[in-house]
Amino acid sequence: MKNLLCLILLMSNLYSFADKQDSLFLVLDTVSNTRKSFVLKEIGTSYLQQANYIKAIEYYNEGLNIAENNNNKEEMLNNLNNIGHVYSVLGNLQKSLDAYIGALKYVRQVGDLRKECIILQGIATIFFDLKDYENTNKYLQAALIIANTIDDSNEKSAILNLLGSNSPKGSVASYNYYINSLEIAKSIQDTVLILVITANLGNYYSVIKQYDKAIKNYELAISYISTSNPEWFSGLLLNIGRNQFEMKKINESIINCKKALIIAMEYGLLREEKESCGCLSDNYYEIKDFEKAYQYHIQFIAARDSSTNNNITRLSTKLEMQFEFEKIQFQDSIKWIQQKELINAKVKNRESWLVFVVIALLFAILFIIIFFVQKRMMLKSNNQLVTRNLELINSEKQLQSFKQNNKVKIIEKKEKYSNSSLTVIQKEDIKNEIIKKMEDEKIFTNKNISSNIFAKEIGTNKKYLSEVINSEFNKSFVNFINEYRIKEARTQLADKKNENLTIESIALGVGFKTRSTFNVAFKKFTGITPSFFLKSVKNVST
């Protein structure tokens with residue numbers, strides 16, 4: 001049977017996730033009870049590889065229960081370690097930490113030093129995310145002792161690098177950890193570790209303002225990057241550009257920031273696009289090219305807004321997954337209680353009514369706990385979104401002030417070209433006209449605005465208008481108009497001067513025809529409802 005298990009697991013690696021799961025389920029029906037924990041763990045891992053975290057934890061927990069019943073400590077630690085990893089991905093750091101601590105207990109009983117070293121690093125990473133740097137250092141030091149004991153150079157180098165990151169930025173301790181880590185990484189020729197450590201050394205030199213050394217380390221790190229890692233490539237080019245800006249090497253900084261921006265836009269890296277545009281805006285502002293500084297600042301705002309929307313989507317998805325998992329756990333608890341009830345009913349039939357009452361109470365208590373926990377999580381998430389939206393309002397005000405103070409002008413369109421192909425200059429002219437109409441004249445407040453009307457206003461046609469909005473602003477006409485409307489409504493809702501205005505009057509004033517349409521657009525753009533936003537703003541002001 002053991003040979004059959006190994007054969008099926010080996011063959012399953014050659015096929016798709018679905019085929020692999022089919023093979024594992026086939027094995028599950030044939031193996032002995034002592035081997036089921038291992039197979040369930042493999043099924044959980046197959047779901048993890050598909051990012052189906054709820055199913056992954058479900059099978060890891062089932063494998064853990066069987067391992068506990070069989071007192072199989074090795075499979076107990078393996079399943080707990082995997083559960084800790086899944087919870088860390090979901091952002092539930094406390095449950096992740098609990099699982100890792102449980103795995104640590106069993107790995108020490110088993111005596112597997114290599115696995116203990118890995119689990120200690122996992123615990124340290126959770127403490128680092130919790131900003132508990134003292135415990136981070138404690139567990140990393142314990143992992144380092146084991147790595148030295150088993151003489152694992154790869155683990156030693158990785159742990160020393162983590163200790164450098166955990167040390168105060170710019171400290172002698174962080175430098176020494178990085179240097180020792182780099183020396184080991186070079187001795188074993190681990191290019192991935194060398195890349196990470198040299199980048200961290202670049203960050204160290206940047207903090208202590210030795211910008212030339214920082215740039216050399218960033219350039220060295222780039223030489224180790226594979227072509228399949230555009231995020232690192234863009235990030236390191238951006239870091240070089242930032243340090244060149246600090247050294248007042250403006251032209252060189254602009255070149256590297258533009259390279260970083262091109263890569264970021266090609267691969268859809270919103271964070272790198274945002275930071276590159278911010279640095280380019282600073283560079284052009286420094287040399288008093290206010291028009292380009294303004295243009296890149298506009299792109300910075302757009303990338304930041306897109307990044308915020310993506311973060312809102314990811315946060316919502318994560319909350320939904322956590323809720324679904326809590327619901328499954330709750331249902332499992334109910335099943336367990338119901339099974340307990342049946343057993344007790346057979347043994348003590350006369351007490352069945354009491355069991356029923358207890359179950360009902362437990363059901364009610366569990367439901368109330370889950371309801372309030374989820375409600376509190378959603379409230380916390382919505383409050384974070386309110387704070388973020390208020391920050392965006394302040395940023396938009398600063399942008400307008402920047403535009404006015406530096407007298408950034410939108411170039412007037414000089415020619416009509418509604419019947420000819422667009423050149424780059426014509427596209428830029430149309431773009432400037434669009435910005436002028438939207439920001440200066442607020443044409444979006446016209447309830448009846450359409451692409452035909454807008455095109456006539458700026459002296460072009462519907463086709464060219466749509467083409468420019470799609471290519472330059474990466475939005476459809478409707479989304480483009482609604483985004484400006486929501487930004488204006490958000491600003492008005494946050495303004496104390498408008499506290500006597502209703503949400504509906506503000507919605508109609510910015511161009512929406514109905515309150516319901518406004519509500520949908522506001523939630524889509526900001527992540528929260530207008531009524532919640534207004535209530536939160538009033539609470540902040542009081």
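Colleague: Is Cys117 buried or exposed?

Modeller: Cys117 is buried, at 0% relative accessibility. Buried is under 20% relative accessible area, exposed over 50%, partly exposed in between (1.4 Å probe, protein chains only). Mind you, this is a predicted model: local features need pLDDT of at least 70, side-chain atom pairs count only at pLDDT 80 or more, and totals for chains, interfaces and linings use all residues. Residues are numbered from 1 along each chain as its sequence is written, and side-chain values use heavy atoms, leaving out hydrogens and water.

Colleague: OK, new topic. Which residues have the most contacts inside the largest nonpolar core?

Modeller: Val86, Leu104, Ile119, Ile123, Tyr139, Ile159 and Leu163, in a core of 47 residues. A nonpolar core here is a set of buried Ala, Val, Leu, Ile, Met, Phe, Trp, Tyr and Cys residues joined through side-chain atoms within 4.5 Å. Apart from that one lies another core of 37 residues, including Tyr205 and Ile301.

Colleague: And what is Leu104 in contact with?

Modeller: Leaving aside neighbours within four places in sequence, Leu104 is in contact (heavy atoms within 4.5 Å) with Glu116, Ile119, Leu120, Ile123 and Tyr139.
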